[in-house]
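Me: I have a structure that I would like to go through with you. Could we look at it together?
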Amino acid sequence: MQPHTHQGVDKATEFVACHDCDLLFPQPRLNKGEKARCPRCGATLFERKGHSLDYSLALALTSLFLFVLANLNTLMRMNIGGRVQSGAIISGVRELYDQGYWEIAVLVFVVTILAPLLKILCIFYVLVPLKLNFRLPKAVQVFRVFETLHPWAMTEVYMLGILVAIVKLKDLATIEAGIALYAFAALILFMAATDASLDDHEIWEQLGSPLEDKP
Amino acid sequence: MKTSPETAARRGYLLCHTCHLVSRAAVPHPCCPRCGAPLHVRKPDSLVRTWALTLTAYILYVPANLLPVMTVTMSGRGEPDTILSGVKELLLGGMWPLALLVFFASITVPVLKLLVLTYLLLSVQFKSRWRPRERTILYRLTESIGRWSMIDIFVIAILVALVKLGSLATIDAGPGAVAFGGVVVTTMFAAMSFDPRLIWDALENDHE
């Protein structure tokens, strides 16, 4: 097979195309807060969110802090007739692995720990240089990883899992929430806010253009 | 007859699936000039890949529901739980809002996802021209809802970590959980490999 190449490929920035129905139309000029929707199938193409990089970075930094808290502390303590058992997020992964179910252990590890962490780190790697007007190697590839990771970071689904687990255990034992549970609840809010503030379209434009000459 | 709208494919433009840049290529096997991702007019082998993944998910769906996802052992007595019996247990415990949520996430979503993917594949295969807009919306819904089926897997992960009190009470994962995780992952990949633009291509050929 022939290798993929950049050569002989020209940008056509005057156009946008719908990723769901392939409709081609001229690049719309959007004001802050406006969305471009496909007139044929209704897909949201992009949105001028108009938040500054600082805003997204502040949210990402908070998320990172909460992520560390959520992963290094006890999630829940269970008390059955005086016997206390505590668990962290990682202990579920370890226990599944010990029971011989490495497939689920890997799956749970990737979607609750690895993907969310990588997402936050990717944001720093791409946004900090854009903010300070310098370039890090492979920033474009890193941002591609970020986009691919999106469906695999399932922190909010895990939160519901915690809720269901608590209800299932409540007749059996007394459940005590650990620091990690509060941190995790806050983490899903901050990660959602980070995602909502990031304007991928704008970031790709900035990554694709040469460095500005700032005094 | 009304003229068909311009599409990127018809005009010879390529849309990058990662960074959404539109470009024009004069060479085979082009890469996006902005982000470097391989460019294709349509996702490669979209139908074949989506069929393969969807059929795999159908096959996995059987053991996912028949085999126990976990076994609760209390004072020496073990009781295997399947996906469905887990919902029933919540319902009997009077937790119907939560039972409804788990029923929706673990039973409705995977079944609906499999049926919708099969329908979309068949409709594209038979070049259906019926309600492309609604079918596209159906696709978007399928793509975004799949992750919620993971709830049950997470519940198992949390329960096995907390309930390991030796002879008093233990919870062990079961082989059904592996199959169920497989269903969720394969249907997510299936939704990703399906190209909704194929729905619209059937309309395109009419006008030629």
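Me: Which strand of chain B pairs with strand 1 of chain A, and in which sense?
Reply: Strand 1 (residues 9-11) of chain A pairs with strand 2 (residues 22-25) of chain B in the antiparallel sense, over 3 bridges. Strands are DSSP runs of E with at least two residues, numbered from the N terminus, and two strands pair if DSSP finds at least two bridges between them. This is a predicted model, in which local features need pLDDT of at least 70, side-chain atom pairs count only at pLDDT 80 or more, and totals for chains, interfaces and linings use all residues. Residues are numbered from 1 along each chain as its sequence is written, and chains are lettered from A and ligands numbered from 1 in the order in which they are written.
Me: What is the bridge partner of Lys11(A) in strand 2 of chain B?
Reply: Lys11(A) has Ser23(B) as its bridge partner there.
Me: And how many residues of each chain are in contact?
Reply: The contact involves 63 residues of chain A and 64 residues of chain B, where contact requires C-beta atoms, placed from the backbone, to lie within 7 Å.
Me: Which helix of chain A gives the most to that side?
Reply: Helix 5 (residues 155-169) does, with 10 residues; a helix is a DSSP run of H or I with at least four residues.
Me: New topic: which strand of chain A pairs with strand 6 of chain A?
Reply: Strand 7 (residues 83-87) pairs with strand 6 (residues 76-80) in the antiparallel sense over 5 bridges. Met76(A) has Gly87(A) as its bridge partner. In this hairpin, with 2 residues between the strands, Gly81(A) takes a positive phi near 45°.

Technical notes
Two residues are in contact if their C-beta atoms, placed from the backbone, lie within 7 Å.
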